[in-house]
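Here is a friendly walk through one model, helix by helix and then residue by residue. Keep the viewer open as you read.

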Amino acid sequence: MALLDPHIAIVLGAVVMDLFLGDPRTLPHPVVIIGWLISWLERVLRQRISDPRLAGVALLVVTVGVSYLVAAGLIYLGTLVAPAVGFLVALYLAWVSIAARSLHVESAKVAKAIERGDLPAARVALSYIVGRETAQLDEPEVIRGAVETVAENTGDGVVAPLFYLMLGGPALAIAYKAVNTLDSMVGYKNERYLEFGWASARFDDLANFIPARLTGLLMVLAAPLCGLSGAGSWRILRRDCRNHASPNSGYPEAAAAGALGVRLGGANRYFGRIVEKPTIGDPLRPLSLEAYAGVVRLMYGAEALLVLGWMALELALKVTV
C-alpha cells in the first residue's frame, strides 16, 4: 500500500516519463514560460527601479514566488475538478522539472558527430550546450566540453530538481527551476548583469549548495556500479572539488573526473578571450568517446541511487510511524 503513496508515485512517474519521453515538445513547458516572465520583468523593473541590485532582488522574489504559487495553484485547481486531475497536473510539473533524458540527447549529438568523423558538426552541437567558443576546438577538447556539461548538469538538471521534488513536491521543484532559469538568464558577471543579476546568481548558489555535494557523493557511490573507479572518484572529489569558479559545480565535475580517470578544466575561450581555469582530475585516460559514455552512465547511476535511497527512506519512515 505504501508504494501507492501519491508523492512516491509522482516522483517515480516523473523519473520514468523523463527517462522514456524526455522533454515534451508539443505541450507548454514551464521553463519557457518562466523565461518569458523573466524577460518581461527585467524590462519593467529596470524602468521602475533605479537601483539595479534592488531591481534584481525584486526580479528574484517575484519570479520564484509566482512560479511556486502558479504551480501550487494549478495542482489545487486540478484537485478541485477531481483528485485524478490534480495528480496528473502534479505529475506533469514533476516530469518537466527533470532533464536527464534531455541532457543525454543533446550531448549525444556531439558524440554522434565525432563517431562519424564530422568534427565541425560536433563543434556546432557542443555550442548549443556550453557557453564557451567551440569553433576552434580539437576532438579531445570537444569531448571535454561534453563531459563537463553532463557532469555539471547532473547536479542542477537532475539531482537538484529531484531533491526539491522529493522535499516539497512539484511546486517546489518548479520554484527551483525558476531559480536555475534566472541564473542562466541574468547571472552573468558582465556590465549588464553584474549588479542586476547578483541576487539571482547568489540564490542559485545557495539553492544548489546541498544538491551539488549530494551529486558528488552519489557519483562516488555510482561509479563502481557503472564500471568506473569509485576510489578515484572519491579521491579527486576531495582534492579538486573547489577547483572551479562556481562554489558548487566543482563537486560533480571532480567526482566525474576521478571516476573516469580524465582531466577536466583548463583553458576555454569566451568572447574572443582565453580564460584559464583550474584543472580537475588527473589525465590517466584520454578524453575519448569512452569517457563521454562513462559520464552518461554516471549521471543515470546517480539519479537511480538518489531515487532508490529516497524511496527506502520514505518507506522506512512509514513503517516506523
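A residue counts as buried when its relative accessible area is under 20%, as exposed when that area is over 50%, and as partly exposed in between. With that in hand, let us look at the structure, which is a predicted model.

## Helix 9 and what covers it

In helix 9, the buried residues are Pro211, Ala212, Arg213, Thr215, Gly216, Leu218, Met219, Val220 and Ala222. Helix 7 (139–186), helix 8 (198–207), helix 10 (230–240), helix 11 (250–260) and helix 12 (289–320) are among the elements that cover these residues.

How do helix 9 and helix 10 lie to each other? Their axes come within 7 Å and cross at roughly 155°. Angles over 145 degrees count as roughly antiparallel, and therefore helix 9 and helix 10 are roughly antiparallel to each other. On the helix 9 side the contact is made by Gly216, Leu217, Met219 and Val220, and on the helix 10 side by Gly230, Ser233, Trp234 and Leu237. Sorted by class, this contact has five nonpolar and three polar residues, and no charged ones.

## Helix 5 against helix 12

Helix 5 covers residues 100–115, and its axis comes within 11 Å of the axis of helix 12, with a crossing angle of roughly 170°. That angle makes helix 5 roughly antiparallel to helix 12. Helix 5 contributes Ala100, Arg101, Leu103, His104, Ser107, Ala108, Ala111, Ile114 and Glu115 to the contact, while helix 12 brings Leu289, Tyr292, Val296, Met299, Tyr300 and Glu303. By class, the residues of this contact divide into ten nonpolar, two polar and three charged.

Helix 4 takes up residues 83–97, and at 1.5 Å a residue its 15 residues should span 21 Å. The distance between its end C-alpha atoms is 21 Å, which agrees.

Which residues of helix 4 are buried? They are Gly86, Ala90, Leu91, Tyr92, Leu93, Ala94, Trp95, Val96 and Ser97. These buried residues pack against helix 1 (6–21), helix 2, helix 3 and helix 7.

Glu42 sits in helix 2, which covers residues 30–48. Is Glu42 buried or exposed? With a relative accessible area of 8%, Glu42 is buried. Its side chain and that of Tyr193 are joined by a polar contact of 3.1 Å. Beyond its neighbours within four places in sequence, Glu42 is in contact with Leu59, Val186, Arg192, Tyr193 and Phe196.

Ser67 belongs to helix 3, residues 52–81. At 6% relative accessible area, Ser67 is buried. A polar atom of the Ser67 side chain lies 2.7 Å from the backbone oxygen of Thr63. Setting aside neighbours within four places in sequence, Ser67 is in contact with Ile34, Ile174 and Ala178.

Glu152 is found in helix 7 and is partly exposed, with a relative accessible area of 26%. Although Glu152 and Ser249 are 97 residues apart in sequence, their C-alpha atoms are 5.6 Å apart in space. Apart from neighbours within four places in sequence, the contacts of Glu152 are with Ser249, Pro252 and Glu253.

Arg263 is in the loop between helix 11 and strand 1 (264–270). Its relative accessibility is 37%, so Arg263 counts as partly exposed. The backbone oxygen of Gly281 lies 3.3 Å from a polar atom of the Arg263 side chain. Neighbours within four places in sequence aside, Arg263 is in contact with Arg144, Thr279, Ile280, Gly281, Asp282, Pro283 and Leu287.

## A buried loop residue

Where does Thr134 lie? Thr134 is in the loop between helix 6 (119–127) and helix 7, and at 7% relative accessible area it is buried. Leaving out neighbours within four places in sequence, Thr134 is in contact with Arg123, Leu126 and Ser127.

Notes:
Residues numbered from 1 in each chain as written. Predicted model: local features only at pLDDT ≥ 70, side-chain atom pairs only at ≥ 80, totals over all residues. Heavy atoms only, no water. Buried < 20%, exposed > 50% of the residue type's maximum accessible area, 1.4 Å probe, protein only. Helix = DSSP H or I, 4+ residues; strand = E, 2+ residues; numbered from the N terminus. Contact = heavy atoms within 4.5 Å. Polar contact = N/O pair within 3.5 Å; in protein donor to acceptor, adjacent residues only side chain to side chain. Axes fitted to C-alpha atoms, helices over the stretch in contact; angles between N-to-C directions. Parallel < 35°, antiparallel > 145°, perpendicular 65-115°, else oblique. Nonpolar A, V, L, I, M, F, W, Y, C, P; charged D, E, K, R; others polar. Expected span 1.5 Å × (residues − 1).
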